[in-house]
Amino acid sequence: MERKWTSEQRDAIYARGGTLLVSAAAGSGKTAVLVERVIGLITDPNHPCDADRLLVVTFTNAAAAEMRERISQRLSDMISQNPLDFNLQRQQMLLQNGHISTIHSFCLDLLREHFEKLDIPPDFRVADQNESEIIRSEVLSDILEKMYAEGGEAFLELSRVLSTGRGDKALSDTVLRLYDFMRSLDDADGFLKSAAAMYDETKPVENSVWGRIAIEYTKAALGSALNAHRRALLKIHGDPQLDKAYGPAFESDIAGIERLIEKAESGDWDGLCSAVSGFSFERLGALRKFGDEALKEELKAQRDSLKKLLSELSSGVLCSSAADFKSDMRRLRPLVECMCDILKKLDREFFKEKLSRGILDFSDLEQLTLKLLIKREDGKAVFTNTAREIASRFDEILVDEYQDTNPAQDMIFRAVSRNETNLFMVGDVKQSIYSFRQARPELFTGMSERCTPFDGVNFPARIILGRNFRSRKGVTDAVNFTFEKLMSKELGGVDYGENEKLTPAATYFERGGADFAIHLIDAGEYDGDEDGAEIEARHIAREIKRLIAEGFTVQGEKGPRKVTYRDFSILLRSMEGRAQKYVRVLENEGIPVYADIASGYLGAYEVMVALSLLRIIDNPLQDVPLVSVLLSPVFGFTPDDIALVRLKAKDKSLYLALLEFAKEDNRFDGFLSLLDRLRTLAAVLPADRLILRIYDETGMLNIFEAMPNGEMRHANLRLLLDYARAYESAGWRGLSGFMNFIDRVDRQNSDIAPASSISENADVVRIMSIHKSKGLEFPICFLGGLSKRFNNEDIQKPVLFHPYCGLGSMVRDNRLNCRFTTLPREAARIEIQKSSLSEEMRVLYVAMTRAKEKLYAVMTLKNAETALRRAASIMRSGEKVSYFEAMSAQCPAELLLAAALVHPSCGKLRSLAGVYDAPVKDSGGIWEFEWIDARSLVSADSANEKADNEIYKTAETERLKNEIKARIEYKYPYENLLKLPTKVSVSELTEKQGTDFSAENVRPSFLEGEGLSPAEKGTALHAFMQYCRLDALRSESGAAEEVERLVEEKFILPEQGAAVDTAKAAAFGSSPVYKRICAAKKLWREFRFNIEVPANEIYEEAADTDAKILLQGMADLVFEEDGGAVILDYKTDRVSSPEALIERYSGQLNSYARAVQEILGVPVKEKIIYSFQLEREIRV
């Protein structure tokens, strides 16, 4: 069925002639539009474009794979309708080589292609993030150590400014934070130069970037205070008694604020600073026996807030006079230059260290690609010939999620375009939530401002996709109402007006009631869980169970259907510390749940046990890991057991005490024997094979799988094996190195992503971070953790940074031994706060637009009264919130409540907040508001638990007991086969060895370079006989020439060639069997086979079974003669008689005969061993 496109979607699909920016709101079908545009380009009737001449860049590998699959499926559908359209078939084939990838994959391809121009190794690999961070930290540590030794005054002063008395971690963290930002730029050198150049003491403070920020902020703060005072004065004028007592003071305040605003607008810096610090307050008149005590306190609080504001301005952005500013410039410039010098050294030394290891990191991929594509001339970017050549390969560059690009990526897109005339960029600035990855939403807004509305003629052009095909009208109405009040250019990056509003376009069945609900849980009297996560989870669990029980319906593919667990999602701003509590509560409520936790892997119990075992294998003299292992369910010892050991030898390590104890008590014998065996293997096995052996020998996988969340625990242990394998494949070796790697990851406060053990279709409630939910949709969404305070830790640091205003640092007074803030730092603090709050606003937008049919905002407030008061102060006017007022919000809940206070459905909320004069705004949607006392949830939970206990007691039946007993006592009928291999080689049978790896079989490293061992010489001769031309064996000189040929053509190694005894090879060429080989009709060299044989023929343990084992082997040579097969096997063993070889290898040749007869279907007439040692053939 042909899809119906909106007019805006059609424009985005079929517009040609220049660069396009598509602003695609949530649920507007941007992916479908992007796919259809690709299809349209390659099937364009006038100017068709081949699929491999498009560059499509997506944000993730998963998105790239989905995009490729969608385009391929669309082409397949078109081919099925037009099977004779050869162009479609051709495009389907070209798509396999199409450039649909992430930006990093694209850069990687370019670097592989042009490595010689960048002086990088062609076989480099991309380092794991943890590996790269560890190396970077080590390099920085070396740099700082050298700079401490050099004792430069600027560096020591910078260190003192950042010092916290606990080492130089603050200095390192600051450098690394700036380095990450620097690596996201298209001109890092230019950034470093400008960062220092900003500290120009000749520039007046009011003309500096920091002065302009301070003045604008001061005007916004004073404007907000002025409006609040004017509203207060209106209330005062409404009562004669109040007007007489408070009117003059408030009028005086207003006049004073207006004078301050005039000062700010005039640019009189010192005058403004002096006026703010010296603001005079007229005393309030006496107000006795006034009936409205609440209003009286409200007015006093308003005046106190003005006093507090002026004090904060004076000690903050207006902290420096013009003279102080110049002094600060002189003191700070050397510190900033020193910081830039550290960054340059880190960049240079870190890159050098990575090259020495043959690795690059993800930022290198971008920066080296920039180096390939552009050069700087007089500070301007000029595209190279390579860039122009690459640009000629692509007819169009299509960029998805453009709002999440950084300057380096943006410059790469421009460099491979045709003078920026063939770019197609899709995104939504309201969903830019990756600033921690250096995303710069202002790139999108800047591009949008340069574009004109699409008219089909003028380019670059802007198209807006505002129709939402995801959510019910009630959900889109709630989103529109909320962000129309909260989101602005200053706070979120875009004015949320008519162009940004969601237009509901999804089709749903009619359903009454509200599609958006605010549930406020008052935890003021609840003294349990501090952050309210547990009590919040209980309420959500209760709501989910209610909707399931009532048969709540959602839209299905064929109409309304009852809701299931997989229709619910719980979205959290931060998973850390909260998700586990949600999981525990929901599981206790009997609700199947899965939390997509991206960290905490190293803290998972099963991983900790496995790592502890690896630690004591590496070094058993570690008491804490040893205790952890002994007490784990893998070994099951008790604290009493360990206490007995410790009493035996109090002054020794626990391991040595164990050895002493084992002389008199055998309870630890099995453990010590296993540990000794594993330590022997650790000397020769790579880390991944050692871990696999541990799993096999201890049954660790099965043990942890039997515990709660067993699938996840099993997957985590498997993931540890994968990480070890990746570590070994990266060129590292051994258990000690792997454990050092894990320890360094831990010391870096990093973590490793845990495993996922859930399928897409599992019927579970999903808990995930809002960031992970981006691009997804769920019928019913709960937004949790809304009362979690915004993280303002970044603005507390002594050195701050913002892309717009550069570095801002405190200065240190060594005489007073304290630090003072400066204007650059305060300006940076303001800009960081604005950027952070803008990001939080966009995160909230992403969260609210995930819901299809019903959206819950659940907030647990410890002090609801204070939160509501703050929310009311944010939404004073009822119109769009100013960024200054919004900056007083401490959590997302307060922002949501601010919007709710002016919604028609939230009269109860206004009553609870004591706000009776809020300017209520019309809305097309109905909201549900519910106030819940946390104590009621606790009491209800206790009652449910008591009822569950009673049910449990009465439900204990004999049938259940018998079933449990039967399961515990069950024995696997083929248990004796579990230790037998499913595949065995003929050589293993011949030598009567199992498949166990033996340390004794490994050649020690100190013997490397001593020449080939006898076994290796035998292998060399076998290799020679496999590849040589048979006619070359008729003489020793011919054999020698053949050795040279095989070495030259790399069939065998030079060392192997030198080990071949050509005289013995020529002796074989003179043997009777050689003549028979030359005369044979058919010949098979290295006859490889796999056949099934009865296990009971090989192992006694399988005597009573009909189990089969795969027998694998390879006969050196088989030839057909007179209707039968002859098997020839080469042997280089040093023996004195033929009988020794017959005794040793007759079983092996019998196995070969069995396989040859079964595979070739001809009888085996003869089995021959040719002994190169004895220079004769031996019949078996």
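## Salt bridge between Glu894 and Arg870

Glu894 and Arg870 join their side chains in a salt bridge, with 2.7 Å from N to O; the term requires a side-chain nitrogen of Lys or Arg within 4 Å of a carboxyl oxygen of Asp or Glu. The pair links distant parts of the chain, 24 residues apart: Glu894 is in helix α36 (residues 892–900) and Arg870 in helix α34 (residues 864–874). Helices (H or I, at least four residues) and strands (E, at least two) are DSSP runs numbered from the N terminus. Glu894 counts as buried because its relative accessible area is 2%, whereas Arg870, at 22%, is partly exposed. Buried stands for under 20% relative accessible area, exposed for over 50%, and partly exposed for values in between (1.4 Å probe, protein chains only).

## Basis of the model

The model is predicted: local features need pLDDT of at least 70, side-chain atom pairs count only at pLDDT 80 or more, and totals for chains, interfaces and linings use all residues. Residues are numbered from 1 along each chain as its sequence is written, and side-chain values use heavy atoms, with hydrogens and water left out.

## Overall architecture

The protein has 46 helices and 32 strands. Along the principal axes, its C-alpha atoms fill a box of roughly 130 × 85 × 75 Å. Of its 1180 residues, 50% count as buried. The accessible surface comes to about 56,100 Å², and carbon and sulfur atoms hold 49% of that area; accessible areas come from the Shrake-Rupley method with a 1.4 Å probe, and for residues only the protein chains shown count as cover. Among contacts with a separation of 6 or more, 74% are between residues 24 or more positions apart, where contact means heavy atoms within 4.5 Å.

The division into domains gives domain 1 (7–124 + 362–469), domain 2 (129–184 + 324–357), domain 3 (209–319), domain 4 (503–596 + 762–793 + 824–939), domain 5 (601–748) and domain 6 (983–997 + 1011–1179). These bounds come from an automatic or database domain assignment. Between the C-alpha centres of domain 2 and domain 3 the distance is 43 Å.

## Annotated binding site

An unreviewed UniProt entry places the feature "binding site" at Ala24, Ala25, Ala26, Gly27, Ser28, Gly29, Lys30 and Thr31. UniProt positions are given in the numbering used here, with feature names shortened, and annotations may be inferred rather than shown by experiment.

Ala25 lies in the loop between β1 (20–24) and α2 (30–42). With a relative accessible area of 7%, Ala25 is buried. Not counting residues up to four places away in sequence, Ala25 touches Asp428, Lys430, Gln431, Leu465, Gly466, Leu502 and Tyr845. Lys30 is in helix α2 and is buried too, at 17% relative accessible area. Leaving aside neighbours within four places in sequence, Lys30 is in contact with Ala24, Asp400, Glu401 and Val426.

## Other salt bridges

Side chains of opposite charge can pair when their charged atoms come close. A search of the whole structure finds 91 salt bridges. One of them joins the side chains of Asp44 and Arg16 at 3.3 Å, N to O. This pair links distant parts of the chain, 28 residues apart, with Asp44 in the loop between α2 and β2 (54–58) and Arg16 in the loop between α1 (7–14) and β1. Asp44 has 13% relative accessibility, so it counts as buried; Arg16, at 28%, counts as partly exposed.

Glu420 and Arg414 form a salt bridge at 2.6 Å, N to O. Here Glu420 is partly exposed at 35% relative accessibility, while Arg414 is buried at 11%. Arg1076, Glu1121, Asp1122, Lys1165, Glu1166, Glu1177 and Arg1179 are linked in a network of salt bridges.

## Nonpolar surface patch

Tyr970, Tyr972, Tyr974 and Leu978 form a nonpolar surface patch with about 490 Å² of accessible area together. Patches are made of residues with over 30% relative accessible area and no salt bridge; like charges are joined within 9 Å, and nonpolar side chains (Val, Leu, Ile, Met, Phe, Trp, Tyr) within 5 Å. Tyr970 lies in the loop between α39 (958–969) and β27 (983–985), and its 56% relative accessibility makes it exposed.

## Val764

Val764 is found in the loop between α31 (734–747) and β19 (765–769). It counts as buried because its relative accessibility is 12%. Val764 and Pro973 are 209 residues apart along the chain, and 35 Å separates their C-alpha atoms.
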